[in-house]
Amino acid sequence: MNEQDAAPAQAPEAPPKPRHQANERAFACDGCGALQTFQPGTRTLECAFCGHETPIPERASAQIREYPLREALDRLAQAGPVSPTATRCPSCAAQFQFDPKQHAGECPFCATPIVVNQLALEDPDSPTRIHPKSLLPFDVDEQGARDGVSKWLGKLIFAPPKLRRYGRVGGLHGVYLPYWTYDSRTRSSYTGERGTVYYVNVPVTTVRNGRTVTVNRREARVRWRRVSGTVARRFDDVLVGASKSLPRTLTDKLAPWDLAALVPYDERYLSGFRSEVYEVSLDQGFEVARGIMGGIIRRDVLRDIGGDRQRVHSVQTEHFDTTFKHLLLPVWTASYEYRSKRFRLAVNARTGRVVGERPWHWPSIVLAVALGAGVIGGALWWAHRAGLLQG
């Protein structure tokens, strides 16, 4: 099953007729009529020309709901692929298509910030695509993200000495990345072995003060006993990235996220930022979540086996009452170039945490390893001379 958008086609001479009527939104200033954009760290839209601010109303009665996973998967399995949708700019009336991965961005002709309302929950029961129902607004602005990147570059260990001076960071882009969260109750049956450590004296021949002597050395042995049992756990908000724009090795490191601060989806928070449509499907995301849960369940099994050592032979897990949410999380993305090679960066726009790819200065690493080996070797030599090590 795959509820992904169809692969983007080559741009036709005229935009195709939309399958669903899209409602493009641009938020005009009540003061001067110019366009307003969301300001990170606030709950307002602001006009860049006259400074007029428009508060985003809080939806106090709205709740962040969980949705049954199995029902959604069955509905998506019966749906057909999503057709490309034409977008009309409310400012210049130009028609174009967003990248299939996006539903918020700028008009390519006049740079008007646009949010496509077809994903804004007017049709929450759409069988073809799951809409985001909550998000975390941007808290860190562009300058704060840029300062964080500069500090991150300066603190890299074993980085080239000239990286901070010559590493050129490109423009930062604010984007809401799609994520899934999964809740599930689990019951896992396991088989394995519990190990109990005991000690025996083993005669060992060694040389002391020029004489050959036999001494007893205590050696650890393990006595194994077969065991089986059951462990249960309730998982809450297991987070899985649903974008492929950045590798999971980066997006996973952006955690933690303050999911308790989620607000109901409101397209005004997207004004002035890009927002991506999920590329990792609901069922694909759950497989990733199952792997995350599986690692935690294995640790539960090891604790349940007990003893001094543990062996796990099999774990069979059942999932119950599994639910999900689809949400958007704010990230600043950028790249920097060093010696003609490009490295990607991402900034958690809630906490300011910076993660990224980086170059290594291998001469420094080799020197550090050599110095470390020399220190260890010197300590062992001194201990042997002092009689602290025998044999």
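Before the details, some housekeeping. This is a predicted model, so local features need pLDDT of at least 70, side-chain atom pairs count only at pLDDT 80 or more, and totals for chains, interfaces and linings use all residues. Residues are numbered from 1 along each chain as its sequence is written, and side-chain values use heavy atoms, with hydrogens and water left out.

Okay, the overall picture. The chain has six helices and 18 strands; helices here are DSSP runs of H or I with at least four residues, strands are runs of E with at least two, and both are numbered from the N terminus. Of the 391 residues in the chain, 40% are buried. By buried I mean under 20% relative accessible area, while exposed is over 50% and partly exposed is in between, using a 1.4 Å probe and protein chains only. Now contacts, meaning heavy atoms within 4.5 Å. If you take the contacts in the chain with a separation of 6 or more, 74% of them come from residues 24 or more positions apart.

Let's go back to those salt bridges and look at a few. Arg 268 pairs with Asp 266, and their closest N and O atoms are 3.0 Å apart. Asp 266 is buried at 8% relative accessible area, and Arg 268 is partly exposed at 28%. Then there's Glu 276 with Arg 274, where the closest N and O atoms are 3.8 Å apart. Glu 276 is buried, at 4%, whereas Arg 274 is partly exposed, at 27%.

Next up, Arg 303 and Asp 300, whose salt bridge is 2.4 Å from N to O. How far apart are these two in helix α5? They sit three residues apart in α5, which covers residues 282-305, so about one helical turn separates them. Arg 303 is exposed, at 57%, and Asp 300 is buried, at 10%. Elsewhere, salt bridges with shared partners link Glu 66, Asp 237 and Lys 325 into one network.

While I'm on Asp 237: this residue lies in strand β13 and has a positive phi of about 55 degrees, although it is not a glycine. Asp 237 is partly exposed, with 22% relative accessible area. Asp 321 is another non-glycine with a positive phi, of about 50 degrees. You'll find Asp 321 in strand β16, and it is exposed at 55%.

On to the inside. In soluble globular proteins, nonpolar side chains tend to be buried together. A nonpolar core here is a set of buried Ala, Val, Leu, Ile, Met, Phe, Trp, Tyr and Cys residues joined through side-chain atoms within 4.5 Å. The largest one has 28 residues, and the members touching the most others are Phe 38, Leu 135, Tyr 176, Tyr 269 and Trp 332. Two or more residues of this core come from each of α2 (142-154), β16 (309-338) and β17 (341-348). Leave aside residues up to four places away in sequence, and the residues that Leu 135 touches include Tyr 176, Leu 262, Tyr 269 and Leu 328. There's also a second, separate core of 25 residues, with Tyr 190, Val 240, Phe 286 and Ile 297 among them.

What about α2 itself? Its buried residues are Ala 145, Gly 148, Val 149, Trp 152 and Leu 153. They cover an arc of only 135 degrees around the axis, so they are on the same side of α2; the arc is taken from the directions from the helix axis to the C-beta atoms.

Now the strands, where a pair needs at least two DSSP bridges. Which way do β12 and β13 run relative to each other, parallel or antiparallel? Strand β12 joins β13 (residues 211-241) antiparallel, through 29 bridges. Asn 201 stands opposite Arg 218 in β13. The two strands form a hairpin with two residues between them, and Asn 209 in the turn has a positive phi of about 55 degrees. β12 (residues 173-208) also pairs with β15 (residues 274-276), this time parallel, over two bridges. There, Val 175 stands opposite Arg 274 in β15, and that's the Arg 274 from the salt bridge with Glu 276.

One last stop: the peptide bond from Ala 255 to Pro 256 is cis, with omega near 10 degrees. Pro 256 lies in the loop between α4 (248-251) and β14 (263-264).

How values were computed. A salt bridge is a side-chain nitrogen of Lys or Arg within 4 Å of a carboxyl oxygen of Asp or Glu.
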